[in-house]
Amino acid sequence: MTGTVGAVSAVEIRLRELGLSLPAVASPVAVYVPAVITGNLVHTSGQLPFVDGVLPGTGKVGAEVGAEEAASYAAICAINALAAVKAQIGDLDRISKVVKLVGYVASDPAFTGQPGVINGASELLGKIFGNAGSHARSAVGVAVLPLDAPVEIEMIVEFA
């Protein structure tokens, strides 16, 4: 997707059409940076589903958090990752491809639906970027995530 309209990118217009907007980049919760550039790739650090600096829910998916709710949190993580990308490259219209998405799901031991949870991020990226949003992906169940977040997403995007 290309073409900036005024000072707002076409990607951000698409986000608005979906009822979404980019937040400020979340402050790191430890010693790292939200994203780095190497060559023509931006690698984000893991992004939690912060909304206005607060986690909207905590706990294990399959216990305290339902799978659908966790999928919505994965989408929030993806938006937060895009904010980190924008801070590095200045304009989301420069993204030519979402290359890789890694999703971590804090899971109850009996929960095995991690791919469905991470679909929340993958489907949103497809809505935003079309074919350029198709990506390689891992969906990993883990015992616990920082701040007891249910989901964490990191991504790699290619830009021009």
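Helices (H or I, at least four residues) and strands (E, at least two) are taken here as DSSP runs, numbered from the N terminus. The model described is a predicted one, in which local features need pLDDT of at least 70 and side-chain atom pairs count only at pLDDT 80 or more, while totals for chains, interfaces and linings use all residues. Residues are numbered from 1 along each chain as its sequence is written, and side-chain values use heavy atoms, with hydrogens and water left out.

The UniProt record, an unreviewed entry, places the feature "domain: Endoribonuclease L-PSP/chorismate mutase-like" at residues 13-151; UniProt positions follow the numbering used here, feature names are shortened, and annotations may be inferred rather than shown by experiment.

Five strands form an open sheet in the order S1-S2-S5-S3-S4, with mixed pairing, where two strands pair if DSSP finds at least two bridges between them. S1 and strand S4 (136-142) stand at the edges with a single partner strand each, so one side of each has no neighbour in the sheet. From one strand to the next, the twist averages 15°; for this and the angles below, axes are lines fitted to C-alpha atoms, for helices over the stretch in contact, and angles run from 0 to 180 degrees between N-to-C directions.

S1 and S2 run antiparallel and are joined by four bridges. They form a hairpin with two residues between them, and Gly 39 in the turn has a positive phi of about 60°. On its other pairing, S2 (residues 41-44) meets S5 in the antiparallel sense over three bridges. Val 42 of S2 stands opposite Ile 37, and its bridge partner in S5 is Val 157. His 43, in turn, stands opposite Ile 156 in S5. Buried means under 20% relative accessible area, exposed over 50%, and partly exposed in between (1.4 Å probe, protein chains only).

H2 lies across S1, S2, S3 and S5, running at about 40° to S5. H3 packs on the sheet and touches S3, S4 and S5, its direction making about 160° with that of S3; contact means heavy atoms within 4.5 Å. H2 has 23 residues and reaches 33 Å from its first C-alpha to its last, close to the expected 33 Å, a span given by 1.5 Å times one less than the number of residues.

The interior can now be described. A nonpolar core is a set of buried Ala, Val, Leu, Ile, Met, Phe, Trp, Tyr and Cys residues joined through side-chain atoms within 4.5 Å. The largest such core has 39 residues, of which Leu 82, Phe 129 and Val 151 touch the most other members. Helix H1 (10-17), helix H2 (67-89), strand S3 (95-106), helix H3 (114-129) and strand S5 (151-159) each supply at least two residues of this core. H2 gives the largest share, 13 residues. Apart from this core lies another, of six residues, among them Leu 48, Phe 50, Ala 106 and Leu 145. Beyond residues up to four places away in sequence, the contacts of Val 151 include Leu 48, Ala 74, Cys 77, Tyr 104, Ile 118 and Leu 145.

Pro 34 lies in the loop between H1 and strand S1 (35-38). Its C-alpha atom is separated by 5.8 Å from that of Thr 44, 10 residues apart along the chain. Leaving aside neighbours within four places in sequence, Pro 34 is in contact with residues including Val 25, Pro 28, His 43 and Ala 84. Gly 90 follows H2 and has a positive phi near 85°; this glycine is found in the loop between H2 and S3 and counts as partly exposed, at 49% relative accessibility. Asp 52, with phi near 55°, lies in the loop between S2 and H2 and counts as exposed at 77% relative accessibility. Leu 147 has a positive phi of about 60° and sits in the loop between S4 and S5.
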